[in-house]
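Take a look at the model below. We will walk through its charged pairs, then turn to its ligand.

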Amino acid sequence: MFRKILIANRGEIAVRIARACREMGIASAAVFSEADRAALHVRLSDEAYPIGPAPSRESYLRIDKLMDIARHAGCDALHPGYGFLAENPDLARACSANHIAFIGPSPEAMERLGSKTAARQLAARAGVAMVPGTQDTIETLNEAGNIARGLGYPVLLKAVAGGGGKGMRLVPADSDLPAAWRDAASEARNAFGDARLYLEKYLDRPRHIEIQIVGDAHGHIVHLGERECSVQRRHQKVIEESPSPIMTPKLRRAMGEAAVRLATSAGYTNAGTVEFLVDAAHNFYFLEVNTRLQVEHPVTEMVTGLDLVKLQIRVAAGEALPFAQEDVTLAGHAVECRLYAEDPANQFFPSPGKILSRRAPSGPGIRLDDGVYEGFTVSTEYDPMLGKLIAWGQDRAEAIARLDRALGEHAVTGIKTNSDLLLAILRDPEFLRGEIFTRWLDDRLPSLLREGQARESDAVAEDAAILAALLHFTGTKDAASAGIAAPETPSRWKREARFEQVDRSK
Ligand code: ADP
């Protein structure tokens, strides 16, 4: 087994990896940028090394610095987490050149699946159904028009190098194609340095359901069931759960077998995710493979009882998978929500700043995978995800009730979070009935935000009532002469937080 693992990441996923190392008796070495000197992952790792200035291009994305640190610290393995360099074959190659085990698939398997068109070609050869569209890059706008008309509008222009919903444009009709083509190409060039595009038929109201796979270096690949990730905002997941509310044993078997077939034909090892879109008739279409651990992996851990990070480490060290497909059993239901430092009421603007106080939720069935703590300053440099809150229950209703209860316990001051919006989603009748699809949240958002604001006004009204009672009992006429701050919008907690924010800016 490994002696020391370099964690090439930050935030909650770096904390998650450090925890697995600690439980396995493996030393962990963190890296941190200048903005992350006091970050939780630094505090919870055994060793920590500076990697450069705050911008990730100068720190977390520097393969040369990672290799220097790994050598200097005597690491024999590297875990890339997700994001940053996790799907970059160059990092995996640099690791092997430096005799460091990369905890992930081989660079060749990553390349076979990394480009969306290459993955579609592989899926076709493996007999896995995919969304109708092209398997090659489209060279010209003219060619795109011909193909789009053949597929029938609406179509989706997608970046060959795509990820994170970037370089993707919905094209409702022929006349929209030139502008969409231009926008998608320039966004793809900016995000990936690669402007190549291809086309897919745009599916109406699909669900996003993905299969977790894990393979060892001895030719065994198994799947660990599915995650339903249909609650998305602008193609980004917000709430994930396992099992999917529409899953049947037959569909799970068919999707699981397709995922394993594709992974096998790519020579895949370690953990990965095969994403599908599923239509109302339960037809499933291959979308893409993520060659790394996913943000939403905890819901799979909660229903399978497995520790995916430990499994990743074990198979990277050459161990055989300790179970076969028939040993994988799913129990109960798990739901995860992503907690962000952002303001849904203000166009989801990031809300960086110092966390002044924080009450973390706990209790039966609750797991908090966190990257922050009270007193920590959320930086503007990185993704504003604070962490994930996950609930397990005997069934879907209990898991949702627990997550709702835990979100209520979760109290943060100093920054804004998306917590009210998450609660509004969890209480939505359509969500509760499992009637979700990938555009569901974008469609429902205006009314959900209004409900969130209504809850906030309720809190203000409550403050006002408390103040009125105080004035009545103290016999004072107004708040100022009683030395009490009068309530104003929004709630007391948020007000305190804002006050401190103003203070800090001095
Ligand atoms: P990325 O890698 O950029 O995240 P994906 O291919 O994984 O892109 O797609 C992300 C999301 O975009 C999906 O979960 C789904 O909501 C939507 N999407 C992608 N392709 C299609 C399609 N052909 N039809 C309808 N929605 C799609």
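**Charged pairs and a ligand**

Lys237 and Glu210 form a salt bridge, their closest N and O atoms 3.0 Å apart. This pair links distant parts of the chain. Lys237 sits in strand β11 (residues 236–242), Glu210 in strand β9 (residues 207–215), and 27 residues separate them. Keep in mind that this is a predicted model.

Are these two residues buried or exposed? Buried means under 20% relative accessible area. Lys237 has 12%, so it is buried. Glu210 has 0%, so it is buried too.

Strand β11 also holds Glu241. Its side chain meets that of Arg396 in a salt bridge, at 2.7 Å from N to O. Arg396 belongs to helix α12 (residues 396–409), 155 residues from Glu241. Both residues are buried.

Next comes Asp369, which pairs with Arg367 at 2.8 Å between the closest N and O atoms. Asp369 is buried at 5% relative accessibility, and Arg367 is buried at 17%. Both belong to a network of salt bridges that also links Arg16, Glu23, Glu301, Asp307 and Lys310. The structure holds 41 salt bridges.

Now the ligand. It is surrounded by 21 residues, and Lys116, Gly165, His208, Gln232 and Glu288 are the closest. The shell divides into seven nonpolar, seven polar and seven charged residues. A polar side-chain atom of Glu288 lies 2.7 Å from a ligand oxygen. The protein buries 96% of the 550 Å² that the ligand exposes when taken alone.

Where does the ligand lie? Domain 2 (132–201) and domain 3 (207–447) both give residues to its shell, so the ligand lies between them.

Definitions and conventions:
Residues are numbered from 1 along each chain as its sequence is written. This is a predicted model: local features need pLDDT of at least 70, side-chain atom pairs count only at pLDDT 80 or more; totals for chains, interfaces and linings use all residues. Side-chain values use heavy atoms; hydrogens and water are left out. A residue is near a molecule or strand if one of its heavy atoms lies within 4 Å of it. A polar contact is a pair of N or O atoms within 3.5 Å; within protein, one must be able to donate a hydrogen and the other to accept it, and residues adjacent in sequence count only if both atoms are side-chain atoms. Accessible areas come from the Shrake-Rupley method with a 1.4 Å probe; for residues, only the protein chains shown count as cover. Ala, Val, Leu, Ile, Met, Phe, Trp, Tyr, Cys and Pro count as nonpolar, Asp, Glu, Lys and Arg as charged, and the others, Gly among them, as polar. Domain bounds come from an automatic or database domain assignment. A salt bridge is a side-chain nitrogen of Lys or Arg within 4 Å of a carboxyl oxygen of Asp or Glu. Helices (H or I, at least four residues) and strands (E, at least two) are DSSP runs, numbered from the N terminus. Buried means under 20% relative accessible area, exposed over 50%, partly exposed in between (1.4 Å probe, protein chains only).
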